[in-house]
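Reader: Walk me through this one, please. I want the cut-offs along with the features.

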Amino acid sequence: MATRNFFSEELKRLRQDILAMATRVEENLGKAITALKKRDAELANEVRADDSVVDTLQLQIEDEAAIIIATQQPVARDLRELVTIFKLTTNIERVGDHAVHLARAAKKLAKKDSPFHMQEQLEKMAETGQKMLHAAISAFMAQDSKAARDAAALDVMINAEHKALTENILKLMKKNSDLVKIALQVLQTSNQIERLGDHITNICEAIIYMIEGRHEDLNE
């Protein structure tokens with residue numbers, strides 16, 4: 001009984017560590033969005049600095065999970081959760097990288113005027129990604145597979161915005177060659193945000209596997 005209680009406490013601690021890591025990334029994404037809106041280069045630099053904390057948390061969590069697997073030899077549902085933790089840390093870290101990319105873009109776009117509200121479209125996509133990440137981690141903490149599916153469904157909105165923005169950019173570049181450079185910068189950033197949504201969808205798939213023991217492809 002004592003061994004089981006110890007194992008349960010270790011799992012609870014790992015869940016809290018995942019929450020802390022995801023919260024840090026969510027906050028960094030929020031800072032990157034604000035930097036984009038307010039053209040705040042200093043805030044954008046904060047995102048880049050904070051990303052090292054996320055990387056450290058990833059290594060710490062994965063080391064702890066590996067030790068538990070090696071020493072406690074979990075099976076069934078417990079083993080699935082520990083395997084899922086590795087998937088979560090990897091994808092949360094990648095979302096953090098995309099937040100850094102958005103912060104870099106915010107600094108570059110701050111020096112230029114974006115045509116036809118392209119910047120606002122990027123902000124909208126990123127805000128949806130932030131909501132999506134929050135919902136996914138809430139689903140993990142609640143151990144709720146339905147909530148994970150609901151979180152993944154938000155990716156449709158990101159994809160739709162990305163498609164519309166890409167079409168607008170291509171039309172713009174054909175009409176005005178002077179705007180090609182900034183248009184390509186916006187397009188690259190839009191691609192990064194679209195990938196961010198894919199990584200959060202991966203998180204949702206991992207949560208479903210953890211709870212239900214089956215693989216489900218939510219990236220449609």
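Author: Start with charges over rings. A charge sits over a ring if NZ of Lys or CZ of Arg is within 6 Å of the ring centre and within 35 degrees of the ring normal. Here, Lys-87 lies over the face of Tyr-209, 4.7 Å from the ring centre. Note that this is a predicted model: local features need pLDDT of at least 70, side-chain atom pairs count only at pLDDT 80 or more, and totals for chains, interfaces and linings use all residues. Residues are numbered from 1 along each chain as its sequence is written, and side-chain values use heavy atoms, with hydrogens and water left out.

Reader: How many aromatic pairs does a search of the whole structure find?

Author: Rings of Phe, Tyr and Trp (its six-membered ring) pair if their centres lie within 6.5 Å; planes under 30 degrees apart count as stacked, over 60 as edge-to-face and the rest as tilted. The search of the whole structure finds zero such pairs.

Reader: How many helices and strands are in the chain?

Author: Both are DSSP runs, numbered from the N terminus: helices are H or I with at least four residues, strands are E with at least two. This chain has seven helices and zero strands. Its pattern along the sequence is α-α-α-α-α-α-α. The C-alpha atoms fill a box of roughly 70 × 35 × 20 Å along the principal axes.

Reader: Is Asp-17 buried or exposed?

Author: Buried means under 20% relative accessible area, exposed over 50%, partly exposed in between (1.4 Å probe, protein chains only). Asp-17 counts as buried because its relative accessibility is 15%. Asp-17 belongs to helix H1 (residues 2-38). Across the chain, buried residues make up 49% of the 220 residues.

Reader: Which residues does Asp-17 touch, not counting those up to four places away in sequence?

Author: Contact means heavy atoms within 4.5 Å. By that test Asp-17 touches Gln-60, Ile-61 and Glu-64. Ile-61 is 44 residues from Asp-17 along the chain, yet their C-alpha atoms are separated by 6.8 Å.

Reader: And Glu-64: where is its place?

Author: In helix H2 (residues 41-72). Glu-64 is also buried, because its relative accessibility is 17%. Beyond four places in sequence, Glu-64 touches Arg-13, Leu-14 and Asp-17.

Reader: What share of the chain's contacts with a separation of 6 or more comes from residues 24 or more positions apart?

Author: They account for 82%.
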